[in-house]
Structure formats: C-alpha cells, structure tokens
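Thanks, everyone. I have one structure today, and I will go through a handful of local features. Please have the sequence and the model open while I talk.

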Amino acid sequence: MDDVFGQTGALREAYGRVDWAATPMGPVESWSPTLRTTVQLTLQTRFAVTTFWGPELIMVYNEAYVPLIGDKHPAALGAPAAAVFPEIWDTIGPMLTGVLAGGPATWSQDLELFLDRRGFAEQCYFTFSYSAVRGSDGRVEGVIDIAAETTEQVVSQRRLTLLTRLTDALSMSDDPQRILLAAVGVLRAAPRDLPQADVLLPGVSAAGARLPAVPPSVFGRQDLVVEDWSGRTVAWLRLPTASPRRQQPVLVAELSPHLPVDEAYTRFLRLVGAAIGQAFDRAQARQVERRFVELERQMSEALQRSVLTEPAQPERLQVAVRYRAAVEQTRIGGDWYDSFLLPDGGLALTIGDVTGHDQRAAAAMAQIRNLLRGVAVTLRKPPSAVLGELDTAMRTLAVTAFATAVLARLDHTGGPQTLRWSNAGHPPPVLIVPDGTAKLLRTRPEVMLGVSPDATRTDHAITLAPGSTVVLYTDGLIDRRGELLDAGLADLTTALTGTQNLTAEQVCEHLLDRYAASSDDDIALLVLHVPDADATALPAAST
C-alpha cells in the first residue's frame with residue numbers, strides 16, 4: 001500500500017479494499033501533495049478526524065472517527081458524503097459546501113443530529129468544525145472535519161435535570177395520589193427520553209398515557225421488563241418500595257425510538273423508579289406517623305380532660321376555666337386547673353404546669369393534681385404549707401416530675417373576700433380591680449414543685465373588693481418564641497386593663513381570642529370574679 005496509508009492502524013485492511021482509482025479522487029499515486037499531506041495528518045491524529053475531498057466531498061477518515069458513524073463504516077470510506085449521510089444532509093450539506101466554496105470555517109457545539117448508524121434514526125449530539133483545505137494555488141480543494149461526539153454528556157445532563165425536577169416535585173407531597181400526579185406530570189414533560197409515561201397504583205392510575213393498563217403478566221424475578229408493544233418499545237419497572245409486592249406501584253413508559261436501550265437508559269429508568277418509590281415510602285411513613293401522633297394526642301388529651309373537672313361554683317362568686325391545646329403541637333402537655341371546696345367552706349383555686357409535652361407529663365399532671373387535692377383537704381393549712389406537704393408526698397410516692405403551680409385559697413364568709421396564695425415558680429396572677437386597673441401579683445420567686453421537699457414556701461394575701469377579678473394562667477398564654485417573658489406579661493396586663501365589667505366567662509373568651517391562635521403551647525385558664533353585691537352568679541363554666 002502507498003506510504004500515504006502508513007498510519008491507518010486497524011483500518012489498513014479497509015483502506016486496502018477501496019478501489020481509489022474508481023473514485024473521483026483517482027489513483028493514489030496521482031494525488032496532489034496537498035491531498036497526501038492532508039490524508040497523512042488525518043490518519044496520524046488520535047482525535048476523530050475526517051477529510052471531505054473534492055466537489056463530491058469524498059470521505060477519508062481515521063480510526064477514531066469510526067465509532068461516530070457506526071455501521072456506515074466501512075462503506076463510507078471513499079464514498080461521497082451526501083451518499084453516506086442522506087438523513088442529515090439537509091443540516092450538514094450546506095455547511096460543507098459553504099466551506100468548500102470558500103466560506104469561513106464552521107463551529108457547531110452539541111448539535112443534535114438524527115444519525116442512522118445502528119439501523120434506526122439515532123438521536124446524537126456532536127461538537128465539530130469544518131475547515132477549508134487549500135492547495136498550493138490557494139484554491140479550496142477539500143474540507144477537514146475535527147469532531148467529538150457529546151451524546152453521552154448531553155443526554156446524561158438532560159436526564160439529571162429531569163431527575164432533579166422529579167425529586168423536587170415529589171418532595172412537597174406525602175399523599176399517594178398527588179405523588180402519582182406530580183411524577184407523571186414531570187415525566188410526560190420529557191418526551192425525548194420518555195415519549196409517554198404512567199405510574200400504575202393498585203386501583204389507581206393517571207389517565208391519558210395510552211399505555212398498557214397492566215404490566216406484563218409475569219415479572220418473574222425481574223423488576224424491569226422491556227418489550228415491543230404495538231410497534232413501540234415499552235418498559236415496565238416495578239418500583240422499589242417498602243410495601244408488600246402485591247401493592248408495589250409500577251412505572252410503565254414508552255422508550256424513545258431514537259435512543260438505544262442500553263445500560264445507561266435502564267439505569268436512568270431505575271433512578272426514576274427509585275425516586276418515585278422513595279416518595280411513596282415517605283408518604284406512607286408520614287401517614288403512619290401522623291396516625292400515631294394523632295392517636296397519642298387523642299389519648300393524652302382524653303386523659304388530660306378526664307381530670308380537668310368542672311370547677312366548684314360557690315354562691316356569690318364566678319369561676320370560669322378553659323383548657324386550649326396548642327394549634328401546632330402534636331403532643332399534650334401537663335397544664336391543669338382546679339377549683340374545689342375545702343372542708344371549712346373555703347374555696348381552693350389552683351393552676352399548674354408539669355414540664356414536658358407527652359403522655360408522661362399528662363400522667364404526672366393527673367397525679368400531682370390529685371395529690372394536691374388530697375393534701376389540701378386533709379391538711380387544712382395555708383397554701384404554702386399545702387405545697388410543702390405536696391413536695392413531700394411527691395418525693396415519697398416517687399412522682400418524678402417538675403411542675404410550676406399557684407395554689408390560692410379564698411375565704412368567702414360574706415364579708416371582705418381574702419385571697420391567700422403561694423407561688424411555686426409559676427407566672428404571677430393578674431388582679432383586675434373595680435376601676436379597671438390590671439396589675440401583676442408579683443412575689444419573690446420560689447422553686448417549682450419536685451425540686452426539693454425542704455424548699456421555703458411563702459403565703460401572700462390580698463383583699464378582693466366587690467367587682468374584682470383574679471386571672472390564673474399557664475405560660476402558654478404569654479410565652480412567645482423569641483420574645484422576653486416580661487414583654488408577654490406587660491401585654492397581658494394591657495389586655496386585661498378595662499375588663500372590670502366582664503364576667504369570668506367573658507374574660508376567658510377575651511384572652512383566648514387574643515392569644516390562642518399565636519400560641520405554640522397549651523393554655524390553661526382559671527378566672528375568679530367577685531361580683532358586686534347585687535350581681536347574679538353565672539352557671540358552671542364548660543371546659
């Protein structure tokens with residue numbers, strides 16, 4: 001073979017079979033120095049290069065160029081470009097002839113071409129440049145093509161973008177029907193990879209895909225089946241989920257007729273399936289979690305409300321109570337209120353809050369509330385002594401909880417009403433005097449219940465004039481995330497100022513209307529109102 005073909009490598013035999021004399025290029029020995037040099041340069045480089053020579057653009061290419069044209073080799077060697085690439089000639093023909101006519105070099109990046117190189121119109125992407133080859137007289141004698149196929153990069157990036165959109169769409173929902181609709185919506189917006197797609201759920205399917213309503217009758221041990229269906233290539237993929245196999249959803253998709261069903265394609269299908277399967281699993285887990293949380297909440301709230309009995313309602317007094325669970329909270333805490341008559345005719349009033357928000361807190365609340373009742377009725381001592389004995393009882397009976405509380409005793413003999421109270425680390429009560437002024441009944445801070453049975457407890461007393469109101473509450477009423485407690489207390493006194501003409505019931509509703517919607521904690525309220533002498537007591541409050 002002529003020295004011009006000395007660098008053909010694996011193409012040596014193919015070059016030897018070409019009758020160059022029968023081509024427009026003529027016998028090799030007649031080739032011009034420019035042609036010889038160009039062919040040698042083409043064959044020596046390891047980059048994909050082809051030379052299109054003469055008016056007919058006869059093709060001469062190197063070994064690296066062969067994978068780009070696939071089954072067109074070896075017939076393309078020594079053949080006119082128009083005959084080799086009829087399916088894309090409308091695109092590349094004007095570019096080649098333009099350079100051959102003396103026009104500028106071309107540059108194409110990631111150009112989409114549907115190339116028939118494996119028996120079908122395959123979607124391919126190329127980055128390439130056509131440059132003129134000039135003879136010694138300056139005339140353009142041919143065109144040299146330096147090319148790189150970028151199909152894998154372009155398709156991979158396209159599929160990655162689709163997977164990202166799919167993941168984003170599925171992350172926002174935990175309802176199976178919405179997941180199905182979101183997944184199908186994203187997949188059907190990607191016709192280059194999935195001309196049609198559907199997700200089949202037991203008894204549910206997105207409409208409009210015109211794909212088989214059921215997967216192949218037998219998957220066997222395979223989770224992915226690809227078959228011809230009415231002249232189209234269809235894939236059925238059993239989605240990987242934690243649900244029983246008979247409940248597993250199935251992705252059914254028509255595959256692109258312009259892409260090979262290779263490992264990259266099936267890997268892409270599996271990634272799509274994994275994203276959808278994980279979304280279904282996440283939805284199922286969230287639903288189970290919500291059911292569990294709701295059941296826990298119902299049980300805790302039932303326990304809490306079962307011990308929050310209706311308050312005692314002595315004559316000539318109004319006592320109103322409210323318990324409001326937090327809107328956003330998933331578990332019940334240990335807030336409580338109580339109002340009961342003592343053996344000597346006094347009225348005990350208490351508000352408290354066990355630390356924590358779970359069933360243990362609710363159970364501890366019930367224990368502490370009942371212990372407090374028993375100690376108060378049996379001991380018949382001032383509030384400070386009752387709280388001290390309650391601390392001892394909690395320690396003796398192993399009630400391992402901490403709680404804040406205010407215990408008050410009202411002696412209502414028909415004359416001046418004296419309120420005595422002791423505060424175990426709880427927010428201070430609010431007193432509304434008959435002229436409408438609201439003030440906090442602040443006292444020296446004392447430790448909460450459950451810390452030490454030897455803690456010092458102190459009694460405090462005030463006289464309630466007719467028309468006075470006392471408000472006991474838990475911190476859910478005033479404590480707001482990111483705000484100082486003093487700011488909440490100041491706002492509470494402002495909210496209660498001028499409410500001297502409201503009944504105890506109306507004060508409760510006034511406070512809940514103002515604060516309940518913004519609270520992220522439970523709220524317990526107990527309001528005592530001492531009406532004027534001619535006022536009529538209201539019926540018992542509802543909880």
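I start with Leu57, which sits in the loop between β1 (49–53) and β2 (58–61). Keep in mind that this is a predicted model. The phi of Leu57 is near 55 degrees, a positive value in a residue other than glycine. Is Leu57 buried or exposed? Leu57 has a relative accessible area of 2%, so it counts as buried.

Arg380 is not a glycine either, and its phi is positive, at about 55 degrees. Arg380 belongs to the loop between α9 (359–379) and α10. Its relative accessibility is 61%, and the cut-off for exposed is over 50%, so Arg380 counts as exposed.

Staying with the backbone, the peptide bond joining His73 and Pro74 is cis, with omega at about 10 degrees. Pro74 is found in the loop between α3 (66–69) and α4 (81–84).

Next, the helices. Two packed helices are described by the angle between their axes and the distance between the axes. Helix α6, residues 151–170, packs on helix α7, residues 176–188, at an angle of about 160 degrees, and the axes are 9 Å apart. Angles over 145 degrees count as roughly antiparallel, and α6 and α7 are therefore roughly antiparallel to each other. Their crossing is right-handed.

Now salt bridges. How many does a search of the whole structure find? The search finds 24 salt bridges. I will take three of them.

In one, the side chains of Arg117 and Glu149 meet at 2.5 Å, N to O. Arg117 is in the loop between β3 (108–116) and β4 (121–134), and Glu149 is in strand β5 (residues 140–149), so this pair ties together parts that are 32 residues apart in sequence. Arg117 is buried, at 3% relative accessible area, whereas Glu149 is partly exposed, at 26%. The two also belong to a network of salt bridges that links Arg117, Arg118, Glu122 and Glu149.

Another salt bridge is between the side chains of Arg457 and Asp391, at 2.7 Å, N to O. This pair links distant parts of the chain: Arg457 is in the loop between β17 (438–440) and β18 (460–464), Asp391 is in helix α10, and they are 66 residues apart. Both Arg457 and Asp391 are buried.

Arg420 is partly exposed, with a relative accessibility of 34%.

Two contacts between C-alpha atoms are also on my list. Trp107 lies in the loop between α5 (89–100) and β3, and at 60% relative accessibility it counts as exposed. The C-alpha atoms of Trp107 and Ser129 are separated by 4.6 Å, and these residues are 22 apart along the chain. Gly142, in strand β5, is buried, with 0% relative accessibility.

Which residues make the nonpolar surface patch of about 240 Å²? They are Phe402, Val447 and Val451. Phe402 is placed in the loop between α10 (383–396) and β14 (403–411). With 40% relative accessibility, Phe402 counts as partly exposed.

That is my list. I am happy to go back to any of these places on the screen.

Technical notes
Residues are numbered from 1 along each chain as its sequence is written. This is a predicted model: local features need pLDDT of at least 70, side-chain atom pairs count only at pLDDT 80 or more; totals for chains, interfaces and linings use all residues. Side-chain values use heavy atoms; hydrogens and water are left out. Patches are made of residues with over 30% relative accessible area and no salt bridge: like charges are joined within 9 Å, nonpolar side chains (Val, Leu, Ile, Met, Phe, Trp, Tyr) within 5 Å. Accessible areas come from the Shrake-Rupley method with a 1.4 Å probe; for residues, only the protein chains shown count as cover. A salt bridge is a side-chain nitrogen of Lys or Arg within 4 Å of a carboxyl oxygen of Asp or Glu. Helices (H or I, at least four residues) and strands (E, at least two) are DSSP runs, numbered from the N terminus. Buried means under 20% relative accessible area, exposed over 50%, partly exposed in between (1.4 Å probe, protein chains only). Axes are lines fitted to C-alpha atoms, for helices over the stretch in contact, and angles run from 0 to 180 degrees between N-to-C directions. Angles under 35 degrees count as roughly parallel, over 145 as roughly antiparallel, 65 to 115 as roughly perpendicular and the rest as oblique. A crossing is left-handed if the near helix is turned anticlockwise from the far one by less than a right angle, and right-handed if clockwise.
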